[in-house]
Amino acid sequence: MEVKNVAVLGAGTMGRGIAHVAALAGFETELYDIDGKCLARAEESIHRNLDKGVALGKLDPGLAEAAKQRLVLDDDLAAAVEEADLVIEAAPESMRIKIDLFREVAAFAPDDALFASNTSSLSITEMAAASGRADRFVGLHFFNPVHLMKLLEIVRGHETSEETVDTAREVGEQMGKTCVVVADVPGFATSRINALIGNEAFRMLEQGVASAADIDTAVKLGLNHPMGPFEMGDLVGLDVRLAILEHLHATLGETFRPSNLMRRYVQAGRLGRKVGKGVYTYDPEGRRLD
Ligand SMILES: NC(=O)c1ccc[n+]([C@@H]2O[C@H](COP(=O)([O-])OP(=O)(O)OC[C@H]3O[C@@H](n4cnc5c(N)ncnc54)[C@H](O)[C@@H]3O)[C@@H](O)[C@H]2O)c1
């Protein structure tokens, strides 16, 4: 199946990144969010990232301009999806929200449109069944920041057709991603390991093993990870990280019980870079202040 029009639902950290790479890859792209203010911030951030690519000499100015032209922001769900060949959902990590959204979208999107979820850990098979188009439903797990990260995990639900997986791979490759196909198990291949490392880092901080900055430095210089677990947690969003751990704890067991300290950070509103404070603090441009 040929994909020309892509609709992205949810314009938060991930949705705006997915819309950026979709528009840059040549897809006519609609970006929808229930929160109008979030859409304005998303457009600003996509333009800023495209301009930065041009300023660094990594992106042709004409391509960046064409991407901006191909991107439409929409607070009307029906208008956003009515011509979509592929709908990519990037709403909050809640099965209830995602299922309700897919049911609503199914009423407006073309019958043959493919549906995809960017969930980090929830069941693709369950969402697919609720969407009424289980064979045309797939997981597309992008990584943050989407315009820089090379991997795309394609998650095959129980009923996902081979043709849908093939189309997902073509779309991913057109976006410049390297694709791996994984089974629909909680946490797929990447979130499962990543959630565990981030959780263990919070346990260590709580136990006084070392400061957050020293744990990050140890993991970067001793284990050769490009980012420390707290830097990564702040980037992902600690609320997102906590929701993933809660799901993995419920499905895979005690190993994934969320650290109490991480929970307290979320309760205190220290959600990470997106709100200017998490484990570290940030200026409005997202630069570390401490
Ligand atoms: N943050 C990451 O690093 C990361 C990485 C991979 C996958 N994910 C997954 O991507 C999804 C989105 O995560 P995020 O970090 O972008 O979250 P976010 O909180 O930054 O953004 C979510 C957006 O969805 C909007 N929204 C809420 N309800 C909606 C609805 N009914 N319809 C449309 N939009 C709605 C919100 O207004 C918000 O703008 C989650 O499933 C998450 O697990 C996140």
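User: Hi! Which domains is the protein divided into?
Analyst: The protein has domain 1 (5-183) and domain 2 (190-275), with bounds that come from an automatic or database domain assignment. This is a predicted model, where local features need pLDDT of at least 70, side-chain atom pairs count only at pLDDT 80 or more, and totals for chains, interfaces and linings use all residues. Residues are numbered from 1 along each chain as its sequence is written.

User: What separates the centres of domain 1 and domain 2?
Analyst: Taken over C-alpha atoms, the two centres are 26 Å apart. Seven residues from domain 1 and eleven residues from domain 2 make the contact, where two residues are in contact if their C-beta atoms, placed from the backbone, lie within 7 Å.

User: Now the ligand. How many residues surround it?
Analyst: 26 residues surround the ligand, and the closest are G10, G12, M14, S120 and N144. A residue is near a molecule or strand if its C-beta atom, placed from the backbone, lies within 6 Å of it.

User: Where does the ligand lie relative to domain 1 and domain 2?
Analyst: The ligand lies between domain 1 and domain 2, because both give residues to the shell around it.

User: And which helix gives the largest share of that shell?
Analyst: That is α1, with three residues. Helices (H or I, at least four residues) and strands (E, at least two) are DSSP runs, numbered from the N terminus. Both α1 (13-24) and α5 (95-106) supply at least two residues of the shell.

User: New topic! At what angle do α8 and α10 pack?
Analyst: Helix α8 (residues 190-206) and helix α10 (residues 229-236) pack at about 115°, with axes 9 Å apart. Axes are lines fitted to C-alpha atoms, for helices over the stretch in contact, and angles run from 0 to 180 degrees between N-to-C directions. The two helices are therefore roughly perpendicular (under 35 degrees counts as roughly parallel, over 145 as roughly antiparallel, 65 to 115 as roughly perpendicular and the rest as oblique).

User: Which residues make that contact?
Analyst: I197, G198 and A201 of α8 meet P229, F230, M232 and G233 of α10.

User: What about α9 and α10, how do their axes cross?
Analyst: The axes of helix α9 (residues 212-223) and α10 cross at roughly 105° and come within 7 Å. That makes α9 roughly perpendicular to α10.

User: Which residues of α9 meet α10?
Analyst: A212, I215, D216 and V219 in α9 meet P229, F230 and E231 in α10.
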